[in-house]
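Please look through the sequence and the structure shown below.

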Amino acid sequence: MRAARIINHKQPLEIQNFATPEPGPNDAIIRLEACGVCRSDWHAWQGDWSWIGLSPELPITPGHEIGGVVVEVGKDVKSFQREDRVTTPFHSGCGRCEYCLKGRPNLCENLRIYGLATGFDGGYAEYMVIPNADFNLIRLPENVDSLSAAALGCRYMTGYNGIVRGNVKPGDWVTIHGAGGVGLSAIQVANAVGAQVIAVDINDEKLELAKEEGAVETVNAKTENVVEAIQEITKGGTHVGIDALGIKDTVLNSVMSIRKGGRHVQVGLTTTEEAGFVSLPVDLMTASEVEFIGSLGNPHPNYHGLLSLVSSGKLNPKRLIEREVRLTDVNDVFNNMTEYQTKGFNIITDFK
Ligand SMILES: [Zn+2]
Ligand SMILES: [Zn+2]
């Protein structure tokens, strides 16, 4: 089988040939039909994120946003068989730790992310191994295809969980900082549950896309004072702020523009600049009872709700796809990401 692999940081990925993997007793082998090219893969390629243990030893095959078909299962796999159409969260769970048993496998003690953990190859390949398949595979509804499945993860499912974690109610003001993949997804979901969405970005084109996805107001952080603009629009602050980017400015803009008793949801991970640390206005947050909530991925049990919204047409992850690409195009996409030129999901659909 063919796979596109990171051999050295910041150097072009190489297409290599391998023997097709054999399943262990609890594994499934998936034939990829679609795999998203994600900024997280780009971060791995840059060599970022060592501070949170997400800088795998090289070489590695990236890719954690997948849709495909089961081609083989290990002898102990009971719930899936050949021909089943599936996806999986980017975070693989062990199924037996405290968090997996509590229905929060996105916090699994043995969590591994495809292409971001050493030796744990992902979906920039014709086939990939899904360990602990009964636990980690998610069956796709009849009318949700592999392309939609790839478009769901990780950005879209992350956006969904951000809205769930923010406890967004109909009519709430929800401000999304960063109108990239996660941000636009979160806008779609917030809109679907009846919130009033404000989108913040520094790029007018992205703000236009945000409007198309249902934002009722937009703020350009380059030309406007974000905190004042949001206070003005919402008459007192947004109920929920979601930072979908993860730089100091977006964290602080969000926290400072939240209504008393509101919630900030941190979805984006920080860059080399912050290396995971941002100073917060703790006294203001305390006196205003503003909550700071982390959100990681989307726990397996939440896929039911997410896929139902897609199946019924209330959410349309495919609308955020910018283009379908070939396995051999991934370097092109990475270079576009370096230049911040991507405007939506780029998804590998041709693995030859
Ligand atoms: Zn676990
Ligand atoms: Zn991703």
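## Strand β3 and its partners

In this predicted model, strand β3 (residues 28-37) pairs with strand β4 (residues 66-73) in the antiparallel sense over 7 bridges, where strands are DSSP runs of E with at least two residues, helices are runs of H or I with at least four, both numbered from the N terminus, and two strands pair if DSSP finds at least two bridges between them. Within this pairing, Ile30 stands opposite Val70 in β4. Strand β3 also pairs with strand β8 (residues 127-130), again in the antiparallel sense, over 4 bridges, and there Arg31 stands opposite Tyr127.

Strand β3 is mostly covered, since 8 of its 10 residues are buried, a term for under 20% relative accessible area, with exposed meaning over 50% and partly exposed in between (1.4 Å probe, protein chains only).

An antiparallel pairing over 3 bridges links β3 to strand β17 (residues 345-350), with Cys35 opposite Ile348. Strand β17 runs parallel to strand β16 (residues 321-326), to which 5 bridges join it, and Glu324 stands opposite Ile347 in β17.

Together, β16, helix α11 (residues 330-338) and β17 make a right-handed β-α-β unit; right-handed means that, with the strands pointing away from the viewer, the path from the first strand over the helix to the second runs clockwise.

## The overall fold

The protein has 11 helices and 17 strands. Its radius of gyration, taken over C-alpha atoms, is 20 Å, close to the 20 Å that the globule rule gives for 352 residues, so the protein is as compact as a globular protein of that length; the rule is 2.2 Å times the number of residues to the power 0.38. Buried residues make up 54% of the 352 residues.

## Conventions

Residues are numbered from 1 along each chain as its sequence is written, while chains are lettered from A and ligands numbered from 1 in the order in which they are written. Local features need pLDDT of at least 70 and side-chain atom pairs count only at pLDDT 80 or more, whereas totals for chains, interfaces and linings use all residues, and side-chain values use heavy atoms, with hydrogens and water left out.
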